[in-house]
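Here is a friendly briefing to read with the model open on your screen. Please have the sequence to hand as well.

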Amino acid sequence: IIRGISRKDFDGFKKLFHRFLQVKGPSVDWAKISRPPEELIQPYDRIKARGLPDNIAVSLNKLAVVKLNGGLGTSMGCKGPKSLISVRNENTFLDLTVKQIEHLNKTFNADVPLVLMNSFNTDEDTKKILQKYKHHQVKIHTFNQSRYPRINKESLLPIAKSMGTSGENAEAWYPPGHGDIYASFQNSGLLDKLIAEGKEYIFVSNIDNLGATVDLFILNHLMSQPADKRCEFIMEVTDKTRADVKGGTLIQYEDRLRLLEIAQVPKAHVDEFKSVTKFKIFNTNNLWISLPAIKRLQEKNSMDLEIIVNPKTLDGGLNVIQLETAVGAAIKSFNNAMGVNVPRSRFLPVKTSSDLLLVMSNLYTLDAGSLTMSKKREFPTTPHVKLGSSFTKVQEFLARFENIPDMLELDHLTVSGDVTFGKNVSLKGTVIIIANHGDRIDIPAGAMLENKIVSGNLRILDH
């Protein structure tokens, strides 16, 4: 098996590397970019207004849910797969996903399977935990994305000494981005298996996006297109805010919809790309993709995904590059592709402890694995939260809160330095708490901070 897998991986890498050597200069000609025509990016409300048929279960039975589960929790100070970090009431990302799909299957008496795309980093730990869901009403499949060699930036040679992934070789390999889903899905045999089971579409999203639940209106839109106009790819986009200036956006390019990532933008145009006025939307990475179309494009070898060159510096100081591709970049290869401009609530990624604070708080209520903004919040936007480096690691973050403060009326929170929060603290408006170096601030239990700046030193000790 190992030899078979590594042969396919090697062939895939060889193709990617070969293309990397041939491509010179940016992959887009800036002058040819235009804003997509209105009908190609539909507002979600228009799709929702069409309502649902009585037999939506028929459509659900043609769907599989794919979660991108290749990432580790290292950026949040955790070992192992990111999907196993607890995010809410002891539930991990994976628990919430399984609960959502199980709820769907029970409600509609449907059979929507969950597919996890693991990487060599997450596969073993994820498989161990799957035992836990044996008696849930969800079939769970896994497949592994490819494993490619990191390349020395100077010599352009692989740095691996052997095929192993342990010891000095641990840093020699990487999973080549989520654009690899198409090839590895096919290589695993799972693509054909799902098609044989009558599945027609997959809904793909990042496992750390807690807003990415199965949306019945979008599903119905896909299933109700006439056969000759079958929409093979939907990308959910949402309105850009200042926080999302680096997100990929949809453009019209040579008569096709195309995903434009910041990495492909010529240096001179980066500021323009980041502007909220010219490019108003960004890709949430919630995607609906036709399975027969994936099979067709894979067999014709006609999915030409832009290469993302990701430079890294290893622990020893060695500069390497890893070649990656993005799953959404394939949109240009599918027929009748479109964007749907969805509410911000479908994009709730947890990348940092600041995000974690929001989803653990009373801003959200949890129901059958889905998080929804609390009815008690007066306005629909989430507060802007910036927690300092003392909060980066999940363990340290948790140690600094006796419990999560009431944040229903919070607009903005900045915390820097050695700060802890007692029980039942309430934060409203704009709150800034800054402990200077060497000082510590303990926010006392029951404190209510509204439009306050707290700085200096505040220690409350037991008498």
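This is a predicted model: local features need pLDDT of at least 70, side-chain atom pairs count only at pLDDT 80 or more; totals for chains, interfaces and linings use all residues.

Residues are numbered from 1 along each chain as its sequence is written, and side-chain values use heavy atoms, with hydrogens and water left out.

**The annotated histidine**

- In an unreviewed UniProt entry, the annotation "binding site" covers His 178; UniProt positions follow the numbering used here, feature names are shortened, and annotations may be inferred rather than shown by experiment.
- His 178 sits in the loop between β9 (173-174) and α6 (181-187); helices (H or I, at least four residues) and strands (E, at least two) are DSSP runs, numbered from the N terminus.
- With a relative accessible area of 26%, His 178 is partly exposed; buried means under 20% relative accessible area, exposed over 50%, and partly exposed in between (1.4 Å probe, protein chains only).
- Leaving aside neighbours within four places in sequence, the contacts of His 178 are Leu 68, Met 117, Asn 206, Asn 285, Thr 325, Ala 326 and Val 327, where contact means heavy atoms within 4.5 Å.

- Helix α4 (residues 93-108) has 16 residues and should span 22 Å at 1.5 Å a residue, which agrees with the 23 Å between its end C-alpha atoms; the expected span is 1.5 Å times one less than the number of residues.
- Buried residues of α4 include Phe 93, Leu 96, Thr 97, Gln 100 and Leu 104.
- Just after α4, Asn 109 has a positive phi of about 50°.
- Leu 104, in helix α4, counts as buried because its relative accessibility is 10%.
- Not counting residues up to four places away in sequence, Leu 104 touches Leu 60, Asn 109, Val 112, Val 214 and Leu 216.
- Leu 104 and Ala 368 are 264 residues apart along the chain, and their C-alpha atoms are separated by 9.1 Å.
- How many cavities of 30 Å³ or more does a search of the whole structure find? The search finds one, and the largest cavity holds about 50 Å³ of space.
- On a 1 Å grid over the protein atoms alone, a cavity is a set of points where a 1.4 Å probe fits but cannot get out, and lining residues have an atom within 4 Å of a point; grid points are joined across faces, edges and corners, and a volume is the space filled by probe spheres set on the points.
- The lining of the largest cavity includes Lys 67, Ile 207, Asn 209 and Gly 211, and α4 gives the most to that lining, with four residues.

- Six of the six residues of strand β10 (residues 201-206) are buried.
- Tyr 201, Phe 203 and Ser 205 point one way from β10, and Ile 202, Val 204 and Asn 206 point the other way.
- Strand β2 (residues 63-69) runs parallel to β10, joined by six bridges; two strands pair if DSSP finds at least two bridges between them.
- Ala 64 stands opposite Ile 202 in β10.
- Strand β14 (residues 281-290) runs antiparallel to β10, joined by four bridges, and Val 204 stands opposite Leu 287 in β14.

**A three-stranded open sheet**

- The order in this open sheet is β8-β16-β15, with antiparallel pairing.
- β8 (151-152) and β15 (308-313) are at the edges with a single partner strand each, so one side of each is left without a neighbour in the sheet.
- β15 pairs with strand β16 (residues 319-324) over six bridges, and Gln 322 in β16 is the bridge partner of Asn 310.

**Other residues to look at**

- Asn 89, in the loop between β3 (86-88) and β4 (91-92), has a positive phi near 45°.
- Asn 89 is exposed, with a relative accessible area of 57%.
- Asn 451 lies in strand β25 (residues 448-456) and also has a positive phi near 45°.
- The relative accessible area of Asn 451 is 53%, so Asn 451 is exposed.
- Leu 84, in the loop between β2 and β3, is partly exposed at 25% relative accessibility.
- Leu 84 touches Thr 92, Leu 94, Asp 125 and Ile 129, not counting residues up to four places away in sequence.
- Leu 84 and Asp 125 are 41 residues apart in sequence and 8.9 Å apart in space, C-alpha to C-alpha.

Definitions and conventions: On a 1 Å grid over the protein atoms alone, a cavity is a set of points where a 1.4 Å probe fits but cannot get out, and a pocket is an open set with protein on both sides within 12 Å along at least five of seven lines; lining residues have an atom within 4 Å of a point.
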